[in-house]
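Biologist: I'm new to this one and would like a slow walk through it, starting wherever you like. Could you put it on screen?

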Amino acid sequence: MTAQLSDTSAPPAALPGCATVARMLGASPAGTAADMRCWLLIEQPGPWPADALENVLDEAFPAERRELLENLRRSHGLRPLLIRRPGKHRRDPDRPRSVYVGGGEPGNRWLERLEIRDLGELAELDLEAVAEGMGGLGTRVDGPLFLVCTHGTKDMCCAVLGRPLASTLNTNHPGRAWEVSHVGGDRWAGNLLVVPDGFLHGQLNPAEAALVAKSALRGQVEPERLRGRTSARTAWTQFAEIALRRQLDLSGLDDVLAVQEEPLLESDARVVTVRGGEDFYAVTVRRRSATPRGDSRCAGLIQPAGYVTEEITKL
């Protein structure tokens with residue numbers, strides 16, 4: 001793709017998508033992962049309209065259970081998502097749907113698989129058990145799974161940049177790769193969520209996604225293009241952990257974990273205390289302002305912005 005960034009107008013088809021422009025402008029995805037501490041992954045073959053997830057949840061859960069799911073999403077980070085097999089978007093009525101439940105909290109990562117014939121069977125699923133990380137709801141799955149956002153009706157960048165990732169990962173790791181509905185952050189496509197590890201990566205091309213998968217299969221995290229640990233409570237924490245990973249070259253899932261976060265008075269910065277290996281560090285993180293560019297539909301067209309590390313001090 002080529003960009004036309006002059007004052008001369010160009011047909012919409014000639015312009016690159018928000019994700020391509022964000023990477024061209026040097027925008028970093030670090031510190032942008034959505035809150036996802038546990039998951040409900042529902043196989044839904046076929047095309048996905050923009051409201052596909054909402055439609056499936058409305059069909060699967062009666063009103064009171066739907067409300068419970070929303071409450072658990074806010075309180076426990078229980079994230080429902082749709083999944084489908086790469087390149088196979090037709091519904092086979094003779095094959096049951098796969099449903100995965102799991103959690104990505106450090107010290108309690110787990111993943112289980114269920115099979116259902118009808119979405120209504122999910123009404124009996126113990127959502128509280130999923131949110132509390134109890135498990136025992138299905139057959140244990142030895143992860144990781146690689147979930148690539150391809151939800152093009154949410155944002156075309158996700159489809160254009162995500163499908164090649166899903167195809168590559170499916171070829172390299174059959175049975176582990178799935179397309180997934182919107183995970184947030186269109187401007188960071190291609191987006192790859194690794195479960196149950198709980199790390200979200202962005203701005204990936206197929207070769208970079210292959211490296212992420214290779215690291216994940218070794219129980220490690222690839223820090224480049226890492227958006228953050230999805231069980232981290234804030235963007236500041238996510239960014240601080242990534243900064244320390246890169247400085248200390250630590251790749252284990254739990255080699256780097258934030259333990260405390262404090263704002264600096266009269267400053268748009270915070271000090272995050274992070275355990276790195278056997279030691280603790282104070283990571284000072286400042287937020288930079290973002291200047292919108294482009295139209296409202298492609299809000300990802302921004303100048304480089306986000307967070308910056310001001311100081312890392314060993315405690």
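**A walk through the model**

Biologist: Which elements each supply at least two residues of the lining of the largest cavity?
Modeller: Strand S9 (199–201) and helix H6 (206–217) do, each giving at least two residues to that lining. Helices (H or I, at least four residues) and strands (E, at least two) are DSSP runs, numbered from the N terminus. A cavity, on a 1 Å grid over the protein atoms alone, is a set of points where a 1.4 Å probe fits but cannot get out, and lining residues have an atom within 4 Å of a point.

Biologist: Before we go on, what sort of model is this?
Modeller: This is a predicted model, in which local features need pLDDT of at least 70 and side-chain atom pairs count only at pLDDT 80 or more, while totals for chains, interfaces and linings use all residues. Residues are numbered from 1 along each chain as its sequence is written, and side-chain values use heavy atoms, with hydrogens and water left out.

Biologist: Back to the cavity, then: what volume does the largest one have?
Modeller: Its volume is about 40 Å³, where a volume is the space filled by probe spheres set on grid points that are joined across faces, edges and corners. Searching the whole structure turns up 1 cavity of 30 Å³ or more.

Biologist: And which residues line the largest cavity?
Modeller: The lining is made by Val194, Asp197, Phe199, His201, Val212, Ala216, Gln220, Val221 and Glu222. Sorted by class, it has 5 nonpolar, 2 polar and 2 charged residues; Ala, Val, Leu, Ile, Met, Phe, Trp, Tyr, Cys and Pro count as nonpolar, Asp, Glu, Lys and Arg as charged, and the others, Gly among them, as polar.

Biologist: New topic, how many aromatic pairs are there?
Modeller: There are 3 aromatic pairs, counted when the rings of Phe, Tyr and Trp (its six-membered ring) have centres within 6.5 Å, with planes under 30 degrees apart called stacked, over 60 edge-to-face and the rest tilted. Trp236 and Tyr307 form an edge-to-face pair, because their ring centres are 5.1 Å apart and their planes meet at 70°. This pair connects distant parts of the chain, with Trp236 in helix H7 (residues 235–248) and Tyr307 in strand S14 (residues 306–314), 71 residues apart.

Biologist: What else does Tyr307 form an aromatic pair with?
Modeller: Tyr307 also pairs with Phe239, in a tilted arrangement with 5.8 Å from centre to centre and 40° between the planes. Trp236, Phe239 and Tyr307 together make one aromatic cluster.

Biologist: Is Trp236 buried or exposed?
Modeller: Trp236 counts as buried because its relative accessibility is 5%; buried means under 20% relative accessible area, exposed over 50% and partly exposed in between (1.4 Å probe, protein chains only). Tyr307, with a relative accessible area of 14%, is buried too, and Phe239 is likewise buried.

Biologist: How many residues of H7 are buried?
Modeller: H7 is mostly covered, with 10 of its 14 residues buried, including Thr237, Ala240, Ile242 and Leu244. From its first C-alpha to its last, H7 reaches 20 Å, close to the 20 Å expected, that expected span being 1.5 Å times one less than the number of residues.

Biologist: What about a charge and a ring, where does the charged end of Arg84 sit?
Modeller: Arg84 places its charged end over the ring of Trp48, 3.8 Å from the ring centre. This term requires NZ of Lys or CZ of Arg within 6 Å of the ring centre and within 35 degrees of the ring normal.

Biologist: Now the backbone, which residues does a cis peptide bond join, with omega about 5°?
Modeller: Those are Gly143 and Pro144, and Pro144 lies in the loop between strand S5 (139–140) and strand S6 (145–149). Another cis peptide bond joins Ala189 and Gly190, with omega about 0°, and Gly190 is in the loop between strand S7 (177–180) and strand S8 (192–195). Most residues other than glycine have a negative phi, and most peptide bonds are trans.

Biologist: Where does Gln203 lie, then, and what is its phi near?
Modeller: Gln203 has a positive phi near 60° and lies in the loop between S9 and H6, where its relative accessibility of 2% makes it buried. Asp249 also has a positive phi, near 55°, in the loop between H7 and strand S11 (256–263), but it counts as exposed at 67% relative accessibility.

Conventions
On a 1 Å grid over the protein atoms alone, a cavity is a set of points where a 1.4 Å probe fits but cannot get out, and a pocket is an open set with protein on both sides within 12 Å along at least five of seven lines; lining residues have an atom within 4 Å of a point.
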